[in-house]
Amino acid sequence: MVQRTAEILASQNQLKSTLDAIRDPIFELGLDGRYYQCSANVDDLLFQPGGALIGKTVPEVLPEAAAQVVMDALRTANLEGHSQGREYALELARGVRWFELSVARKAVDGGCEPRFVAMSRDITERKTAEQEIRRLAFYDPLTELPNRRLLQDRLEHALTATARSHHQGALLLIDLDNFKALNDTVGHDKGDILLQQVARRLLSCVRECDTVARLGGDEFVVMIDDVGSTPADAIGHAQTVAEKIVTLLGQPYDIAGHEHRSSSSVGVALFGVDTGGTVEETFKRSDVAMYQAKAAGRNTLRFFDPAMQAAVEARAALEVDVRQGMANNEFQLHYQPQVGPGNRVIGAEALLRWTHPRHGAVPPGEFIPVAEQSGPILQLGQWVLETAFAQLAVWAADPSAAALTVAVNVSVHQFRQPDFVDQVLSALRGSGADAHRLKLELTESMFAFDLEDIIIKMAALKAQGVGFSLDDFGTGYSSLSYLKRLPLDQLKIDQSFVHDVLTDANDASIVRIIITLGHSLGLDVIAEGVETIGQRQFLSTHGCELCQGYLISRPLPIAAFNAFLQAHTAGQAPG
Ligand code: C2E
Ligand code: CA
Ligand code: CA
């Protein structure tokens with residue numbers, strides 16, 4: 001018996017020393033990741049002496065990412081007998097090391113918990129070599145930017161992604177103007193310095209998820225995966241980036257102590273659902289556009305699609321006009337009365353009006369969507385808020401108008417500004433107007449993105465007394481789940497339903513449902529676009545007493561609105 005035990009011990013020691021002689025650390029693990037045994041050479045690998053591991057589990061010992069790989073390998077090995085080829089990295093005292101893991105299920109007596117043998121092999125050298133090969137194959141050595149091959153690969157992925165989603169991407173081909181002249185006159189090494197500086201400037205123009213690549217020579221590409229889902233958004237975003245690039249690359253360079261001036265020509269091709277395209281086609285389009293930019297005199301950008309280019313130019317012209325219009329006081333607010341039971345005026349919606357020096361009255365439906373795509377809407381929106389607040393403050397001093405509220409339309413872009421809440425609150429404070437008299441009109445399209453952010457902003461404004469109305473209700477993404485979560489005060493039935501409420505049974509049902517829905521959520525309901533007594537009666541029969549429309553009054557300049565108010569109040573029965 002003693003003899004037998006000694007033999008077993010000897011053979012166990014033999015086995016142990018065999019295992020210890022293997023350079024790769026070996027562990028025995030349970031399915032729950034518990035360590036039962038380990039070979040001698042694991043010490044620095046697991047941040048603690050091997051002996052201290054026994055009884056602990058993998059998730060207790062390894063960082064989360066590595067632990068997940070091991071646990072996943074254990075589960076696979078349990079199902080399939082073995083698993084191998086899993087890789088994980090560990091940050092050890094001697095630097096980041098890569099390991100390849102193979103796990104095999106041990107034969108155990110029936111009924112016993114399964115046990116696993118895991119072996120970790122240090123593959124850091126191989127990994128480094130792979131990375132080096134990848135760097136050489138896919139990156140440009142001069143600028144360290146992705147090269148043409150990697151760009152093609154990424155574009156391929158982006159094309160697949162845009163085909164699936166509904167957004168569009170943009171490929172911007174950038175060619176330096178007169179680069180060859182610099183190279184020929186001052187030498188290639190100076191040319192190289194310029195290319196490196198260009199690379200750095202391009203990187204500063206884009207987000208981390210976008211790709212900046214060098215195709216070779218003085219040709220660069222910027223690829224933006226997502227420039228927006230509507231054509232107007234996509235053009236606007238791509239144009240903004242392209243303009244930034246032309247401006248930034250046109251700034252002077254310091255090349256070995258000498259100032260150098262350069263410029264660039266940028267060709268823009270959009271890709272996505274409607275813009276179609278393979279990798280080759282997309283490249284070709286950006287190339288065509290880039291040559292158009294060159295032909296247009298360089299130091300500029302061109303879109304591939306002539307219609308897009310026209311849209312870009314019209315937008316640019318309008319942008320200039322809007323800015324000028326603001327400087328020349330061409331904008332005005334008109335006020336459309338909102339009435340309650342007994343036609344008592346409870347407030348007004350502020351509506352923007354523009355009298356263009358050449359085109360005359362431009363309807364907001366024409367310039368707001370364009371202004372929305374770019375900077376001016378922000379300034380214009382701010383102007384609207386300030387003007388409306390100033391009006392509120394004036395009314396506050398007049399007993400017959402002090403109770404009026406003003407409803408102000410807010411665009412998505414305005415609302416998305418990170419400091420929107422501060423802008424509104426500081427404008428309110430500056431004007432002396434009472435936040436409780438202000439109602440902001442939002443549209444449902446706003447809630448398609450970043451609902452959480454919107455709710456936070458609404459709550460912050462609401463806490464100061466600002467009210468919210470949901471404009472054009474019924475035409476958008478109406479969903480009960482978000483309606484309940486938004487801190488709204490009012491639903492505004494879209495005028496298209498009101499228009500046909502007496503003639504279209506469908507619209508009549510929609511209107512009735514909206515009224516019931518609003519009231520069940522504890523919200524006021526107002527109808528807009530009310531033009532006839534019949535429509536008004538239908539609405540009030542079904543419980544909607546608040547209304548706005550030509551039946552009461554068109555939107556009026558402020559003097560006319562005040563006169564309307566006086567006449568209306570005078571004609572009103574007391575009580
Ligand atoms: P909205 O917010 O739905 O404004 C209501 C529109 O219906 C206004 O057109 C108004 O004049 C018109 N309207 C009012 N009553 C009646 C009626 O009885 N019948 C008919 N057929 N129409 C009526 P408007 O002033 O042309 O404004 C068009 C849109 O432009 C507005 O639609 C709003 O989306 C936008 N807008 C106007 N002012 C501003 C502003 O200051 N900021 C922003 N972001 N958008 C604005
Ligand atoms: Ca409105
Ligand atoms: Ca509306």
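Q: Which residues are the protein donors of the calcium ion (ligand 2)?
A: This is a predicted model. Its donor atoms for ligand 2 lie 2.1 to 2.3 Å from the calcium ion. Along the chain the donors follow the spacing E-x59-N-x31-E-x29-D. The protein donors are Glu349 (OE), Asn409 (OD1), Glu441 (OE) and Asp471 (OD).

Q: Which residue coordinates both the calcium ion (ligand 2) and the calcium ion (ligand 3)?
A: The two ions are 4.0 Å apart. The residue that coordinates both is Asp471.

Q: How many residues apart are Glu349 and Asp471?
A: Glu349 sits in strand β14 (residues 345-356). Asp471 sits in strand β18 (residues 467-473). The pair thus links distant parts of the chain, and the separation is 122 residues.

Q: Which residue in β16 is the bridge partner of Glu349?
A: Glu349 belongs to β14. Strands β14 and β16 run parallel, joined by four bridges. The partner of Glu349 in β16 is Ala407.

Q: Which strands stand at the edges of the five-strand open sheet?
A: The strand order is β2-β1-β5-β4-β3, with antiparallel pairing. An edge strand here has a single partner, so one side of it is left without a neighbour in the sheet. The edge strands are β2 (35-38) and β3 (82-92).

Q: Which residue in β5 stands opposite Phe99?
A: Strand β4 (residues 95-105) pairs with strand β5 (residues 115-122) in the antiparallel sense. Seven bridges hold this pairing. Opposite Phe99 stands Asp122.

Q: At about what angle does helix α5 (residues 124-138) run to β4?
A: Helix α4 (residues 64-80) packs on the sheet, its direction making about 170° with that of β3. Helix α5 lies across β3, β4 and β5. Its angle to β4 is about 115°.

Q: At roughly what angle do the axes of helix α6 (residues 148-164) and helix α10 (residues 279-295) cross?
A: Residues of α6, including Leu151 and Leu155, meet Val279, Thr282 and Phe283 in α10. By class, the contact has five nonpolar, two polar and one charged residues. The axes come within 10 Å, and the crossing angle is roughly 105°.

How values were computed. Residues are numbered from 1 along each chain as its sequence is written. Chains are lettered from A and ligands numbered from 1 in the order in which they are written. This is a predicted model: local features need pLDDT of at least 70, side-chain atom pairs count only at pLDDT 80 or more; totals for chains, interfaces and linings use all residues. Side-chain values use heavy atoms; hydrogens and water are left out. Axes are lines fitted to C-alpha atoms, for helices over the stretch in contact, and angles run from 0 to 180 degrees between N-to-C directions. Helices (H or I, at least four residues) and strands (E, at least two) are DSSP runs, numbered from the N terminus. Contact means heavy atoms within 4.5 Å. Ala, Val, Leu, Ile, Met, Phe, Trp, Tyr, Cys and Pro count as nonpolar, Asp, Glu, Lys and Arg as charged, and the others, Gly among them, as polar. Donors are N, O and S atoms within 2.8 Å of the metal (3.2 Å for Na, K and Ca); water is not among the atoms, so sites may look incomplete. Two strands pair if DSSP finds at least two bridges between them.
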